[in-house]
Amino acid sequence: MERIPVAVLGATGTVGQKFILLLQDHPYFELAELVASERSAGKPYAQACQWKQDSPIPRSLAQRTVKGTDDPLGSPILFSGLDATVAGPIESRYAERGYIVISNSRNHRMDPDVPLVIPEINHEHLDLIHRQNHPGAIITNPNCSTIFLSMALAPIHREFGVEAVNVTTLQAISGAGYPGVPSLDIVGNVIPYIGGEEEKMESETLKILGRLAGDRVEPAPIRISAQCTRVPVVDGHTETLSLKLRSRAGPQDVARVLRQFRSLPQELALPSAPGNPIVLLEDQDRPQPRRDVWLEKGMCTVVGRIRECPVLDIKMVILGHNTVRGAAGAAILNAETLVKKGYLGNGSRLHQAMNQRRLQAVGAP
Ligand SMILES: NC(=O)c1ccc[n+]([C@@H]2O[C@H](COP(=O)([O-])OP(=O)(O)OC[C@H]3O[C@@H](n4cnc5c(N)ncnc54)[C@H](OP(=O)(O)O)[C@@H]3O)[C@@H](O)[C@H]2O)c1
């Protein structure tokens with residue numbers, strides 16, 4: 001298969017850097033262009049970016065000139081890790097010009113015609129792109145805490161019906177980007193507020209677990225109450241959940257459906273798909289971010305401590321890597337699903353849009 005050239009928008013940021021690492025030697029995509037703000041445009045990537053990853057900047061990219069969002073791009077697919085304060089109109093503009101935008105940002109997630117996708121749960125929502133009124137497309141992945149909550153809820157909801165959820169998050173500082181939360185605020189401390197996060201968890205989860213009915217998604221009938229905190233952990237969001245179920249199920253029943261859960265990305269053996277989308281840990285003091293966040297290369301939801309809840313029905317602890325499966329890895333898995341499910345195939349609307357972009361990139365009229 002010929003690799004599709006892709007660009008990363010917000011390439012200098014926390015999520016952008018993760019995109020760069022995860023797209024190295026990707027079998028479907030070739031990382032061709034790096035895009036950031038006017039502050040970075042025109043500079044070599046290594047100079048524009050404060051690289052904060054554990055492995056060095058890939059050599060092939062260190063001297064690559066960063067582009068601005070007004071520069072012409074030859075890549076038909078754009079992975080977006082743009083700052084949410086600017087992402088909305090910039091992503092819309094690219095879609096209007098025929099680009100396929102695969103976004104991490106919150107701005108378009110709840111638009112009725114924009115799929116908010118976790119391919120293990122609701123890949124059929126990708127059909128919403130046919131409702132979009134521009135030549136390109138916008139596809140989003142959820143907020144980093146929402147993705148792990150939705151992954152844990154989906155198999156339980158399908159089997160037993162979830163009526164209500166009480167969730168408290170303990171979110172890592174990398175979730176706030178760089179430089180993020182000042183050290184004097186977070187070292188030895190817990191901050192019991194993350195702006196907009198609780199609302200995102202309470203609304204996005206219902207869209208993801210909702211049913212595609214014609215040209216809209218009917219939200220899942222679940223009541224969710226979220227409390228979000230920032231804790232002094234570098235990577236990995238932990239969440240404690242209590243669930244009220246519609247039919248009777250004990251901890252063993254819930255553990256069984258979570259353990260058995262597999263879906264489309266596993267069946268299609270997509271390059272970024274975790275073999276086990278949900279990993280169950282038996283030890284009573286797990287999951288822990290430092291020890292468990294890299295299970296399945298950071299692409300799974302780790303679940304532990306499933307037990308009876310004396311107030312609701314079942315409680316548990318979950319964990320996931322916020323910048324991998326919670327951001328860049330989620331977007332890449334969405335793009336892989338788009339490719340393998342034929343949305344970019346010959347004759348499709350997006351195939352025509354991609355060809356158009358390629359012709360423009362080589363200067364055809
Ligand atoms: N961090 C996470 O765990 C996480 C998880 C899920 C979703 N997200 C979402 O992903 C997005 C990026 O988050 P982040 O943590 O990577 O943020 P970040 O580290 O602050 O990076 C933001 C990026 O946006 C670029 N940018 C800022 N203003 C711009 C403009 N006017 N035009 C073009 N580019 C501009 C920055 O470029 P310069 O360097 O040139 O300023 C930088 O590349 C946000 O929407 C966030 O909510 C983050």
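Predicted model: local features only at pLDDT ≥ 70, side-chain atom pairs only at ≥ 80, totals over all residues.

Analyst: Residues are numbered from 1 along each chain as its sequence is written, and side-chain values use heavy atoms, with hydrogens and water left out.

User: How much of the ligand's accessible area does the protein cover?
Analyst: A backbone N or O atom of Gly-10 lies 3.1 Å from an oxygen atom of the ligand, and for Asp-83 a backbone N or O atom is likewise placed 3.1 Å from a ligand oxygen; a polar contact is a pair of N or O atoms within 3.5 Å. Accessible areas come from the Shrake-Rupley method with a 1.4 Å probe. Of the 910 Å² that the ligand has on its own, the protein covers 83%.

User: At what angle do the axes of helix 6 and helix 9 cross?
Analyst: Helices are DSSP runs (H or I, at least four residues), and strands are runs of E with at least two. Axes are lines fitted to C-alpha atoms, for helices over the stretch in contact, with angles from 0 to 180 degrees between N-to-C directions. For helix 6 (residues 144–160) and helix 9 (residues 251–260), the axes come within 9 Å and cross at roughly 115°.

User: Which residues of helix 9 make the contact with helix 6?
Analyst: Contact means heavy atoms within 4.5 Å. Helix 6 contributes Ala-152, Pro-155, Ile-156, Glu-159 and Phe-160. From helix 9 come Asp-253, Val-254, Arg-256, Val-257 and Leu-258.

User: What phi does Ala-269 have?
Analyst: Ala-269 is found in the loop between helix 10 (264–267) and strand 11. Although Ala-269 is not a glycine, its phi is positive, at about 50°.

Definitions and conventions:
Polar contact = N/O pair within 3.5 Å; in protein donor to acceptor, adjacent residues only side chain to side chain.
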